[in-house]
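Here's a quick briefing to go with the structure. Have a look at it first, then come back for the notes.

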Amino acid sequence: MTTMPPASKQAGEKWVGRSVPRREDLRLLTGRGRFIDDFELPQLKHAAILRSPYAHAEIGEIDVHAALELPGVRGVLTGREVAAMSRPFAVGVSPAPKYYASAVERARFVGEPVAVVVADDRYIAEDALELIEVDYRPLPAVVDIEAAMAADAPQLHEECPNNIYSQREFVYGDMESAKKEADRVVTGRFLFPKYGSTPIETYGVIASYDPFADQYEIWSNYQGPMVGHALVAQALGIAENRLRWIIPTDIGGGFGIKTGLYPYIALMAMASKRCGVPVKWIEDRQEHLIASATGTDRLTEMEAYVKSDGTILALKDRAIDNTGGYIRAPEPGCAYRSIGNHTGAYQIRNLEREVLVVGTNKCLTAPNRGYTCQHLYFSLERMMDKVAAELDIDPAEIRLRNFIAADQFPYKTATGGLYDSGDYAAAFRLALQRFDYDNMRQWQKEARAEGRLIGIGLATVVEPSVTNIAYVGLAKSYLERRKEHPKSGSGEAIMVKMDPLGKVHVIAATNPQGQGHDTVISQVVADQLGILPDDVTVSNVLDTHQRLTSITSGSYSSRFSSAGTTAVVLATQRLKEKLFRIAGHLLDAHVESLQNDSHKIFVREQPQRSIEIRHVAGTAHWNQSGLPEDMDVGLYGVGFYNMPTSEPPTEFDQVNSSNTYGFIAEVLMVEIDPETGALQFLKWVSAHDAGTVINPLLFEGQLQGGVAHGIGGAIFEETAYDENGQILTGSFMDYLVPTSMEIPEVDMIHQETPSPLTALGSKGTGEASAMSAPAAIANAVADALRPLGIEVNELPLSPNRIWHWIKDAQSSPSQ
Amino acid sequence: MKLQGEVAFEANRETVWDALNNPEVIAKCLPGCESMEPAGEDVFEAVLKFGVGPITGQYRVTLKITDKNPPQTYVLQVDGSGKPGFVKGQGSIKLQAQDGGGAVLRYDGDLQIGGLAARIGQRMIGTISKQLTKQFFSRLVEAAESTTEDSQDSPQIPHPSSNFP
């Protein structure tokens, strides 16, 4: 059976831009996907992890005797053994608190690993956990961001006074002049909650230690970047080539959460070494919800310096992030990842910014879909609405007045971001038009007069994609950075080879988690070679011993559609060059005079002088002496693409933290039921510009997923703790995620402003409305509740929270 | 979580005070109490069994009575753990004699429950804790009154350990 549509396209029509159905779906939908839990190794045993029930506790004796006596138990690994067998993980702050794969002397969050049991099956391992006696001595816990910095707060790490992991101040532009020139200052204080994107497939690791070769073989659904591989090798104290790391083709969602998985890889590697058997551990849902990773919670204070006409001259802000009981790479990226696009879609040339990253007794953080851009835009877009209200300017108008104009691209932001292309006003106007904005504002007035709580919410944001790993350097000052080796890059590698009959096989390590990379690769290669996608097979497995990879390999920050596809094009072009050189040799023609169709290569001016592609390919394989004299045998091309815009930070702390920058405009309307506080979407238009759309079907899939995660963050999700650090959301009973019933129909608009940096003009779009919807929904709710004098400065906007606001407003004397 | 309330006794204050200091009575009134042994002056080791939602299990708990001021007040400290997690708390008990005989007991405590029971049973913890507290005091009322009626017999209270949600 073929997954491709019949070749009904016209001559010259491209596969890129068409809704080619996903070739992955038949496999996945019929249960033939191969996920981490589907893999076995000979003699494989199973691990379970004992976790701290306390948010903060000294760990005394751990008595494992009874557990070891249980039949079927192969061994136990405790935190003290972990400390003896490994080093703390490296992280980009100094001084760095010691973070091992397991709690050692002290547990710092509920769910932190304390010991590992390895047994013949998971049931026995779980039973054995109950036989381990741990002498915990509970300590006071702290969960609140501001309380953590107070003088009398419980101290988590002696290396980090006041529980501060990272702190920096930045000034860009000319703040003094901007402040003088401003007519008004508008202030805001915003609290963004802690939540994660709960991929359907939880984590999993298979680890096998070979004592004779002193090598580890790891299987895991780790997401990338392969920085994690370097960190684990370093923690285990081995050379990186002794750590073979294999990531299966099928991963059930990642959303950045699976970048936080590598400590478990080290933990299982040590369990395998300690117990002398290969070990498998699959995280259960409870473990995931309490102890895997979420995005950070953030407290932001912001000031906007504005002119009476609505021009925003400067921003001053202070943001405090909370990475939990430890700080784990890529954190403190939460505070620096979005620095290049910190001023969003607007021409704001002056910025003063203080960032703090603190520790509390909560579970650790990782880049959650959007990697704090949702935090940034929640405060920035709420501020845009506050400025609009303050100056009595329409919120759509205030955005239009501050947008970067279409003729300013490529645009360098005050913070060093290099926006490659865009036309923000055009995309926003399309969205407003489709929404029928002016009429809807009129209708809103009428509905309000009837007492209905109707709100219109806007958000216009820049969607950064393809991380430049340089951004993490901002956690250190220029002087500190100068003492270290510079870091930068965003590279991706692809190999394309042609078999003797002219069919193509692509060797990739782009590490998809459901995005449909293989489908896209087949489209791109088909266009480049003028063949059919069905003639292209793809093997997509990240294997550090058998694939070309780099530190930046993996699938995160929407890098595939920009960096990945460009590497595919480069590799295919190199293959094609070689193919044409052989054809020129066989036809006795200049390479420049050749052209091809799906079957043959011919001389452009004399089409009868032709040779079938399979004969050219056959020559390369079957008659190697028939090749041009100076040519290597083998018919393949390798593309290793690094964005030319990925450079280290400057001495002024400017950094292009991403490489391609798209745009999103949300225009939506909600109604709030004053009796229940429940929110209903009445209308939603979402315009996206991610450059060339490679496959509209996949593109829309990403956008729909982004909407769902955005709604989750705006209304439902929060990893909540009580004041003692006990987690309150340990199951899906209490950690609410939206279901399809809560997702409204969203009217999508695509605008295509090609990127000059990528072969196809495409940009990333994997974060999408996950970063803009929380801001837009908050703006809509704020607009709906404005007649009651209610401000919206925090999320999630649960019915319970809104109901309390309404009741408080109604009972306050001013009403 | 906070546990607060008021219980009225027909028995007089001294009888209630005695009941509150009698380990046998407390053992019978404590919901899910499987055993209770003295472990020093005003210190008791108890094994309690109760369930929060789907998480049922045994807890080994130390009960400690401090700040005694007979027959008016004492402070009860609870500290224990079991497979489903841990409990930790402290509460004050105040007894007041009523004019027409009888007594009123006011309790005011703070209880922490952690571990699996807290994570999974979050929605139920508050309700169940309050329910268990009420059960304890209603049994204590019965115990104090039966002591008043017939001080020779030990109180007739059904053993409660299976009686849980």
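Chain A has an open sheet of eight strands with mixed pairing, ordered β3-β5-β1-β12-β9-β10-β11-β22. The edge places go to β3 (73-78) and β22 (542-543) of chain A; each has a single partner strand, so one side of each is left without a neighbour in the sheet. Keep in mind that this is a predicted model.

**Inside the sheet**

- Strands in a sheet pair up through backbone hydrogen bonds, and they can do that parallel or antiparallel.
- For a worked case, take strand β9 (residues 204-210) of chain A and strand β12 (residues 279-282) of chain A: they run antiparallel and are joined by four bridges.
- If you want a specific pair to click on, Ile206(A) has Lys280(A) in β12(A) as its bridge partner.

**Helices lying across the sheet**

- Helix α8 (residues 262-275) of chain A lies across β1 (45-51), β3, β5 (113-119), β9, β10, β11 and β12 of chain A. Its direction makes an angle of about 40° with β9(A).
- Helix α7 (residues 227-236) of chain A lies across β10 (215-220) and β11 (243-247) of chain A. Relative to β11(A), helix α7 of chain A runs at about 145°.

**Two residues in helix α17 of chain A**

- Thr572(A) sits in helix α17 (residues 560-587) of chain A, and Gln573(A) lies in helix α17 of chain A too.
- Is Thr572(A) buried or exposed? Thr572(A) is buried, because its relative accessible area is 1% and the cut-off for buried is under 20%.
- Setting aside neighbours within four places in sequence, Thr572(A) touches Val496(A), Val525(A), Gln528(A) and Leu529(A).
- Gln573(A) has 36% relative accessibility, so Gln573(A) counts as partly exposed; that class covers the range between under 20% and over 50%.

**Chain B at a glance**

- Chain B has four helices and seven strands, and along the sequence they come in the pattern β-α-α-β-β-β-β-β-β-α-α.
- Of the 165 residues in chain B, 49% are buried.
- Take the contacts in chain B between residues at least 6 apart in sequence: 53% of these join residues at least 24 apart.

Technical notes:
Residues are numbered from 1 along each chain as its sequence is written. Chains are lettered from A and ligands numbered from 1 in the order in which they are written. This is a predicted model: local features need pLDDT of at least 70, side-chain atom pairs count only at pLDDT 80 or more; totals for chains, interfaces and linings use all residues. Side-chain values use heavy atoms; hydrogens and water are left out. Buried means under 20% relative accessible area, exposed over 50%, partly exposed in between (1.4 Å probe, protein chains only). Contact means heavy atoms within 4.5 Å. Two strands pair if DSSP finds at least two bridges between them. Axes are lines fitted to C-alpha atoms, for helices over the stretch in contact, and angles run from 0 to 180 degrees between N-to-C directions.
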